[in-house]
Amino acid sequence: MTIRVVLPQHLRTLARVEDEVHVEVTGAATLRSVLDALEAAYPVLRGSIRDHVTKKRRDFVRFYACEEDYSLESPDTALPEDVKTGKEPFLIIGALAGG
Amino acid sequence: MSGVRVLVGTKKGAFVLTADGTRKTWDVTGPHFGGWEMYHLKGSPAEPNRVYASQTSGWFGQQIQRSDDGGKTWEAAGNEFTYDGVPGTHQWYDGTAHPWEFARVWHLEPSLTDPDTIYAGVEDAALFRSTDGGKTWQEMSGLRKHGTGPAWQPGAGGLCLHTIILDPRNDQRIFVAISAAGAFRSDDGGENWKPINNGLRSEYIPNPTAEVGHCVHRIAMHPSRPNVLFMQKHWDVLRTDDAGDNWREVSGNLPSDFGFPIAVHAHEPETIYVVPIKSDSEHYPPDAKLRVYRSRTGGEDWEALTKGLPQENCYVNILRDAMSIDTLDPCGIYFGTTGGQVYGSADGGDSWAPIVRDLPAVLSVEAQVI
C-alpha cells in the first residue's frame with residue numbers, strides 16, 4: 001500500500017522534497033514499517049527521526065495520524081484505516097514551544 | 001592570482017565568502033542548509049574543493065555534508081556516530097555519573113594528505129575518523145578509554161571535543177582539546193593517548209593543577225614548529241615548546257585573559273592573535289571595545305588592534321572556532337561574532353573591515369587559499 005507522509009520543513013529540505021512524500025509499505029502499516037519504508041526511500045533521513053541503532057524516536061520528534069498522537073505508541077502499533085487507504089497522511093512533526 | 005574562500009558556519013545556516021587575492025571585494029553565497037545549526041565547515045588541505053560540514057539540530061540530530069566543488073553543491077555523507085563498545089559514564093555537572101551520549105559534531109579536521117580521511121570531534125567528547133570520505137565513522141576510542149574519561153566533566157557548552165591538530169611533520173602525532181577535560185596527545189596515530197596539562201592552573205576546579213578537568217577553549221600551532229602550541233584556556237593564555245609536556249602562561253598585558261579563539265600568523269610563528277572577553281560570566285569585550293590582541297613575541301607582550309573594529313557599544317562574543325587565517329602574503333585574518341559580523345584583515349591585523357555584518361550568530365570561520 002502507499003502511505004502519504006508529511007515531513008517537517010527541515011526534513012523536507014534534507015530529503016530535497018517539496019511536498020508530502022509517498023512510500024510503499026508491504027504487510028501491516030505500523031509506525032515501524034512506515035518509518036522503515038521512509039528511511040529506505042530517503043536514506044538521508046536515517047538518524048534524523050529515530051536513533052540509528054536503538055530505533056528510539058528522537059525526543060523532539062512527534063508522530064500524528066487522523067488527529068491522534070502516536071508518538072508514545074509501540075513501534076508495532078497499526079496506523080488508522082484512513083492512513084492505510086491514503087485518505088489521510090501520516091504526520092512527522094518537530095515539537096514546538098510556545099512564546 | 002590566488003583567491004580566498006572563507007567558510008562560515010552560523011546558528012541558521014552556512015555561508016561561503018570568496019574574494020581574489022586582494023581581499024577587497026567579496027562574494028557571499030548562502031544560506032546553505034538554512035535554519036540548521038552549522039557548527040563547522042572545513043576544506044581538505046589536499047583537495048581544497050572538498051569541503052566537509054557539520055549540520056546539526058536539537059530536533060533532528062546530526063548530518064555530515066560533503067561538497068566537491070568548494071561549497072556550491074552538497075551531498076549528505078554518513079551520520080552514524082556510535083561509540084565503541086559500552087560507552088560507560090563521565091561526570092555530570094553535579095559530579096554524578098552520566099552515560100556517554102552523542103549530541104553533535106563540533107569540529108571537523110580533514111587529513112593533511114588524503115581528502116577521504118577526516119577526523120570529527122564530538123559531544124559527548126570523543127574522536128571519530130572516517131577514511132571513506134565521511135560515509136562511515138569509527139571512534140578512536142583509545143582517547144575516551146585511556147583512563148581519565150570517567151572523570152571528565154562538561155563545560156558550560158557541553159562535554160565537547162573542539163580542537164584537533166594534526167602534526168604536519170609526524171603523521172603519528174595528534175593533539176586534541178576537550179572542554180572541560182583539557183588537552184591530550186597521541187604519538188601513535190590515535191591508538192593511545194595521554195593528558196598534556198602540566199602547567200595549567202584552573203582555580204575553578206577542586207585541584208587547580210589536576211591532570212584533567214581544565215576548560216581548554218582552543219589550541220593553535222604553526223606548521224613549521226609543531227612542538228610549539230598556543231592555548232586560550234577558560235582563563236589564561238599559555239604556550240608550550242615541548243609538544244604539550246609543559247605549559248607556561250603568557251597572558252602578559254592582556255586586558256583580560258579570558259577568551260575563546262587563538263590563531264597563529266601564517267608566516268611569523270611567534271605572532272599570535274586572541275580576542276579578550278571580559279569574563280566567564282560576561283561574554284563580551286572589555287570596555288565594550290572589540291579588540292584583537294596581537295603578540296609578536298609568542299605571548300607576554302600584546303598590542304591592541306582596533307582599526308576598523310567597533311570601539312564603543314560592542315557586546316558580541318567570538319566563539320572558539322570562529323577565527324582563521326589564510327596563507328597569502330600579507331597574511332589574512334578573519335573572525336566571526338555572535339552578532340553576525342564577519343571581519344577580515346588583509347594586512348596581518350593592522351586594519352579590519354566587515355565582509356558581512358548581518359548573518360545569524362557565527363559559530364565557525366575557516367579560510368582557504370584557492
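## A valine and its neighbours

Which residues does B:V342 touch, leaving out those up to four places away in sequence? In this predicted model, the list takes in B:V6, B:V8, B:L17, B:Y334, B:G336, B:P354, B:I355, B:V356, B:L359, B:V362 and B:V365.

As background, nonpolar side chains tend to be buried together in soluble globular proteins.

## An open sheet in chain B

Now for some strands. Chain B has an open sheet of 4 strands, in the order β22-β23-β24-β25, and the pairing is antiparallel. β22 (262-264) and β25 (303-305) sit at the edges with a single partner strand each, so one side of each has no neighbour in the sheet. On average, neighbouring strands here are turned by 30° against each other, ignoring direction.

Take one pair from this sheet: β22(B) and β23(B) (residues 272-274) run antiparallel and are joined by 3 bridges. Within that pairing, B:V264 has B:I272 in β23(B) as its bridge partner.

## A covered strand

Is strand β10 of chain B (residues 104-110) mostly covered or mostly uncovered? It's mostly covered, with 7 of its 7 residues buried. β10(B) pairs with β11(B) (residues 118-123) in the antiparallel sense, over 6 bridges. Looking across to β11(B), you'll find B:G121 opposite B:H107.

How values were computed: Residues are numbered from 1 along each chain as its sequence is written. Chains are lettered from A and ligands numbered from 1 in the order in which they are written. This is a predicted model: local features need pLDDT of at least 70, side-chain atom pairs count only at pLDDT 80 or more; totals for chains, interfaces and linings use all residues. A residue is buried if 20 or more other C-beta atoms lie within 10 Å of its own, exposed if 12 or fewer, and partly exposed in between; C-beta atoms are placed from the backbone. Helices (H or I, at least four residues) and strands (E, at least two) are DSSP runs, numbered from the N terminus. Two strands pair if DSSP finds at least two bridges between them. Axes are lines fitted to C-alpha atoms, for helices over the stretch in contact, and angles run from 0 to 180 degrees between N-to-C directions. Two residues are in contact if their C-beta atoms, placed from the backbone, lie within 7 Å.
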